Amino acid sequence: MSNLLKLKNLIVFGFLIVLSANLYSQEDEDVEELVIKGNVLQSDQVTALKTPVPVIDVPQTVSIFTDEDIKRQGFRQIGDIVRYTPGVNTSQGEGHRDAVVFRGVRSTADFFLDGLRDDVQYYRSLYNVEQVEVLKGPNALLFGRGGTGGIINRVTKKPEIGNDFRSVDFGTDTFGAFDLTVDLNIQTSGNSAIRINLHSDSLANHRDFYDGESFGVNPTLRVKLDDVTTLDLSYEYMDHERFIDRGIPTLNGVPDESLVDVVFGTEDVNTTTLEASVIRGNLERVFSENSKGILSVQSSSFEKFYQNYYAAGYDGTVVTIDGYSDPTERENFMVSGILVNEFETEFLGGMAKHTLLLGAEFIETDNENFRYNTFWSSSADDQEGFLVSRPMDFSVNADGVATSNDFTADLSNMTESAITVSSFFIQDQISLTDNLKLMLGVRADSFNITVYDIDDVSTSRLDDELSPRAGLIFKPQENISLYYSYSESFLPRSGEQFKKLSESNSRLDPDVFENNEFGLKWSLSPNLNLTASMFSSEQVQAVRDSDTGETLEIVGLQVDGTEIELKGQLSDNLSLIAGFTSLDGETSSGGEPREVPEHMLSLFALYEVNEKFGVGFGFTQQGESNIGNNNPDRVLPEYTRIDASAYYNFSDDLNIRLNIENLGDEVYFPHSHSSHQASVGEPFNARVSITRRF
């Protein structure tokens with residue numbers, strides 16, 4: 001990132017701080033804030049669901065992880081949370097980004113921060129996160145394009161007015177990694193506060209060459225401009241660097257366990273870096289007891305680079321190595337505004353209560369991407385064969401011929417993309433009676449993209465899409481809801497990361513994803529909730545016949561499934577998170593899709609022995625899954641991973657935690673990007689962390 005761009009972002013952030021200070025001219029007054037976690041979404045202030053509706057009245061499955069959940073289970077990244085979330089599993093992400101499979105639909109872009117899109121490819125930290133929300137099913141009404149199987153929204157920590165606190169957390173593990181997290185909340189006046197979150201991580205794991213450093217800092221200012229108006233201003237800077245590991249090849253249809261210690265890359269080539277600046281502003285005003293408005297603005301600049309070698313073929317002796325180098329620069333500007341209004345109308349002699357949501361969003365994105373293939377001197381091609389060794393020797397090919405690679409010799413792709421998105425949405429949740437609720441809504445999106453390719457040829461596509469959503473909720477009693485929902489989402493043919501748009505694809509409509517879902521939500525007690533759902537998701541894909549040129553629609557992917565989640569306090573001393581998922585998928589050709597396990601099971605229980613000491617136990621089990629579409633001959637085997645934890649509170653201000661992953665030291669393969677890139681799961685690893693509050 002250029003120094004000029006950094007300076008620009010800092011100037012803008014400083015200007016916003018000065019502006020907020022000038023806006024406030026009231027006398028200082030004490031402000032008390034109420035935060036509710038786990039029942040009504042804590043992010044109601046910036047809204048993932050955008051309306052302050054209790055989760056039991058939302059006609060879709062939502063899994064919520066608070067900061068307490070994250071700490072006690074030792075979660076460090078998005079993938080840790082996914083392992084304990086029904087209906088969701090991880091994908092490899094080519095070793096340089098978060099990639100999640102939502103109900104059989106793989107995504108690298110359905111990530112949000114305080115309800116705003118965060119679609120750049122990187123590994124997201126949890127250092128500044130108050131809560132993580134996983135919404136399942138197509139979500140275009142609230143989030144626009146994508147969200148085809150679900151979305152993950154991170155809610156950031158906000159300053160607490162009227163409070164001063166400081167905490168430092170330090171952790172290290174048996175691999176040699178260590179991390180430092182700082183959380184400072186400073187009361188600056190009776191009506192304002194600043195919160196500064198910072199993390200510094202030194203990365204390590206069980207694989208050769210694996211290391212890295214990541215740093216992030218996120219200062220946030222909150223100003224209570226008056227009794228009904230709150231302004232939040234935030235600046236986040238990220239600097240990440242890490243080794244890329246694409247896993248090991250398969251042999252006879254499964255990952256070759258004899259290669260679990262071999263890395264098919266090199267320390268100097270397999271690397272990724274990210275430098276980013278993100279400015280966020282959020283203005284909320286309560287107009288009356290029944291209405292409020294929220295205006296959010298986000299400006300972000302990212303520089304992302306990754307390059308790697310990886311195994312593209314393997315016969316048991318010779319491994320075929322391929323690779324690429326890929327720098328990307330992206331700038332995003334987003335404005336989102338919503339109005340929420342509660343009112344009543346007459347209905348069948350009674351009064352129906354409405355929670356009406358009106359929203360508009362504008363996004364402007366500029367993306368520049370290059371892709372360089374490997375070019376081996378011995379083969380004059382992007383692929384070359386090598387004998388397996390530890391470490392791999394890429395200076396001599398399998399025939400004993402000296403070789404070298406030049407990433408600059410083969411520029412495969414160069415594009416500049418300009419995207420503008422304008423959206424308007426409306427949703428009304430209506431309480432027809434005390435027992436019956438109806439949700440209706442629709443979103444209109446105008447998605448306009450122009451891509452300039454390596455030959456300076458431009459290709460454009462304008463998609464105007466309507467995405468409906470409907471839900472019916474029946475509550476036989478206050479703590480039980482039965483619901484049905486229908487929702488749609490769409491994905492333009494330019495894909496998730498806007499890197500390509502061929503002339504043929506520019507003539508095709510977006511893929512449309514439809515979801516039908518039946519569910520049960522039951523508050524077994526004030527602190528224990530059961531959620532169960534059955535869903536059917538279908539992708540409708542427009543294709544062009546190569547002979548006639550006619551466009552037709554086919555079902556690209558069908559996934560049916562069941563999800564069950566039990567979360568909360570079983571007793572005063574025992575809490576748990578338990579989930580079960582059963583999935584059944586079919587591709588357009590009638591085969592089985594990739595990365596759809598037969599079943600997934602997870603459980604984490606924490607027992608408080610006394611006020612100071614507690615122990616935890618957890619396990620995750622993932623059934624067998626295909627590595628590629630329509631190829632049952634290459635699979636990732638079923639596995640079970642056992643975790644454990646313990647904590648001890650020396651005082652209210654000092655505690656220590658122990659988290660053990662893979663207690664049984666099982667060899668397992670959680671995901672694979674393709675046939676010969678199966679990730680090797682981490683063996684036994686113990687992490688100790690200490691938190692000190694001031």
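Me: What lies over the face of Phe65?
Reply: Lys567 does, at 4.8 Å from the ring centre. Keep in mind that this is a predicted model.

Me: And which residue has its charged end over the ring of Phe111?
Reply: That's Arg124, and its charged end sits 4.1 Å from the centre of the Phe111 ring.

Me: OK, rings on rings now. How many aromatic pairs are there?
Reply: The count comes to 21. One of them is Tyr484 with Phe518, a tilted pair with 5.0 Å centre to centre and 45 degrees between the planes.

Me: Where in the chain do Tyr484 and Phe518 sit?
Reply: Tyr484 is in strand 24 (residues 480–491) and Phe518 is in strand 25 (residues 511–525). They are 34 residues apart, so the pair links distant parts of the chain.

Me: Is Phe518 buried or exposed?
Reply: Phe518 counts as exposed, because its relative accessibility is 54% and the cut-off for exposed is over 50%. Tyr484 comes out at 28%, so that one counts as partly exposed.

Me: Which residues do ring pairs link into a cluster?
Reply: Tyr309, Trp376, Phe386, Phe394 and Phe407.

Me: Switching to strands. How many bridges are there between strand 9 and strand 10?
Reply: There are 8, and strand 9 (residues 165–173) pairs with strand 10 (residues 178–189) in the antiparallel sense. As an example, Gly171 has Asp179 in strand 10 as its bridge partner.

Me: Which residue takes a positive phi in that hairpin?
Reply: Gly176, with phi near 105 degrees. The hairpin has 4 residues between the strands.

Me: What about strand 10 and strand 11, how many residues are between them?
Reply: That hairpin has 2 residues between its strands. Strand 10 pairs with strand 11 (residues 192–204) over 11 bridges, again antiparallel. Within that pairing, Thr181 stands opposite His199 in strand 11.

Me: Last one: what's the strand order in the open sheet of 3 strands?
Reply: The order is 2-3-4, with antiparallel pairing. Strand 2 (88–90) and strand 4 (105–107) are the edge strands, each pairing on one side only. On average, neighbouring strands in this sheet are turned by 30 degrees against each other, ignoring direction.

Me: And how many bridges join strand 3 to strand 4?
Reply: There are 3 of them, with strand 3 covering residues 100–102. Val100, for instance, has Ser107 in strand 4 as its bridge partner.

Note on methods
Residues numbered from 1 in each chain as written. Predicted model: local features only at pLDDT ≥ 70, side-chain atom pairs only at ≥ 80, totals over all residues. Heavy atoms only, no water. Pairing = 2+ DSSP bridges. Axes fitted to C-alpha atoms, helices over the stretch in contact; angles between N-to-C directions. Phe/Tyr/Trp six-rings, centres within 6.5 Å; stacked < 30°, edge-to-face > 60°. Buried < 20%, exposed > 50% of the residue type's maximum accessible area, 1.4 Å probe, protein only. Lys NZ or Arg CZ within 6 Å of the ring centre and 35° of its normal.
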